Amino acid sequence: MQRLLVTGGAGFIGSNFVHYVLENTDDHVTVLDKLTYAGNRESLRGLPEDRFTFVEGDITDAALVDGLVAETDVVVHYAAESHNDNSLHDPRPFLDTNIIGTYTLIEAARKHSKRFHHISTDEVYGDLELDDPERFTEQTPYNPSSPYSSTKAGSDLLVRAWVRSFGLQATISNCSNNYGPYQHVEKFIPRQITNVIDGVRPKLYGKGENVRDWIHANDHSSAVLAIIAKGTIGETYLIGADGEKNNKDVVELILKHMGQSPDAYDHVVDRPGHDLRYAIDSTKLRDELGWEPKFSNFDAGIEDTIDWYRNNEQWWRPQKAATEAKYKEQGQ
């Protein structure tokens with residue numbers, strides 16, 4: 001049994017990872033989460049008390065982090081400010097959490113000689129043209145375009161530097177866009193699903209041509225466990241499930257599965273600097289570590305996700321009104 005410290009474990013991707021670990025291993029998990037608006041204690045309800053501990057706190061709190069890292073075997077760093085729109089309106093929290101928070105964690109991991117895995121995003125690579133056949137690889141140069149992606153790029157580089165300069169026992173993964181349970185309704189897919197549930201027409205940025213490479217959160221979780229178990233220290237692994245879809249197609253698929261006309265949505269003002277296309281080449285992860293995604297059918301994955309939001313309104317309802325009020329102020 002390993003002891004895992006999972007930062008940001010009450011957030012969307014982090015909480016899915018915690019559930020996945022507890023369901024598929026005998027490891028013990030301690031979650032450290034600040035419980036900002038994006039963290040939800042309810043996402044961790046019902047977990048086995050003998051294998052799960054929750055600590056409310058900030059990853060920039062060096063004394064707290066030091067004590068928790070000292071008692072763990074592996075640090076899995078999910079905690080991040082991650083919403084692009086928020087980073088455009090107030091970049092400062094992204095600097096504090098994504099840069100200073102990561103620094104605080106890797107210093108503690110270095111001090112106590114702990115294994116460290118850093119979760120990052122494909123957005124650090126910038127974007128690709130819609131008609132470009134290329135996909136991101138581990139060798140793609142960084143070219144971030146927002147305060148969010150630039151601070152995540154900075155955090156990646158800190159981890160790389162600590163590996164080289166101090167021998168930090170770390171790996172990095174950059175993943176494509178996740179979907180699944182426990183995702184805040186400010187995000188693209190759950191916003192559209194919950195709008196339809198509420199009888200509101202979905203909202204589509206611009207023409208809806210922007211392409212994302214979608215992966216179910218469970219597949220992300222299984223990939224991270226594979227990297228922790230078998231990954232080479234100092235290496236970066238890209239995680240993707242060959243799920244390229246443009247936003248228009250995703251909205252129309254959601255409407256189809258929810259019994260609506262596929263054109264029953266509204267176009268809204270586009271996001272400033274909206275990246276055109278992300279696409280991941282996960283060949284290294286698959287060939288070297290033998291990983292494969294299980295949710296390869298995006299259509300079925302979306303249907304499962306719709307069912308989860310229909311059946312868990314008590315989880316997302318408290319977030320909805322404030323989220324839509326904020327979008328309305330922005331004309332979105």
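**Exercise 1.** Determine what share of the contacts between residues at least 6 apart in sequence joins residues at least 24 apart.

*Solution.* Contact means heavy atoms within 4.5 Å. Among contacts in the protein between residues at least 6 apart in sequence, the share joining residues at least 24 apart is 81%. The structure is a predicted model, in which local features need pLDDT of at least 70 and side-chain atom pairs count only at pLDDT 80 or more, while totals for chains, interfaces and linings use all residues. Residues are numbered from 1 along each chain as its sequence is written, and side-chain values use heavy atoms, with hydrogens and water left out.

**Exercise 2.** Decide whether the radius of gyration agrees with that of a compact globule.

*Solution.* The radius is taken over C-alpha atoms, and the globule rule is 2.2 Å times the number of residues to the power 0.38. For 332 residues, the rule gives a value near 20 Å; the protein has 19 Å, which agrees. Along the principal axes, the C-alpha atoms fill a box of roughly 55 × 45 × 40 Å.

**Exercise 3.** Describe how helices H10 and H11 are arranged.

*Solution.* Helices are DSSP runs (H or I, at least four residues), numbered from the N terminus. The axes, lines fitted to C-alpha atoms over the stretch in contact, come within 6 Å for H10 (residues 298–311) and H11 (residues 313–329), and cross at roughly 80°. Therefore H10 is roughly perpendicular to H11 (65 to 115 degrees). Trp308, Tyr309, Arg310 and Asn311 of H10 meet Glu313, Gln314, Trp315 and Trp316 of H11 in this contact.

How values were computed. Axes are lines fitted to C-alpha atoms, for helices over the stretch in contact, and angles run from 0 to 180 degrees between N-to-C directions. Helices (H or I, at least four residues) and strands (E, at least two) are DSSP runs, numbered from the N terminus. Angles under 35 degrees count as roughly parallel, over 145 as roughly antiparallel, 65 to 115 as roughly perpendicular and the rest as oblique.
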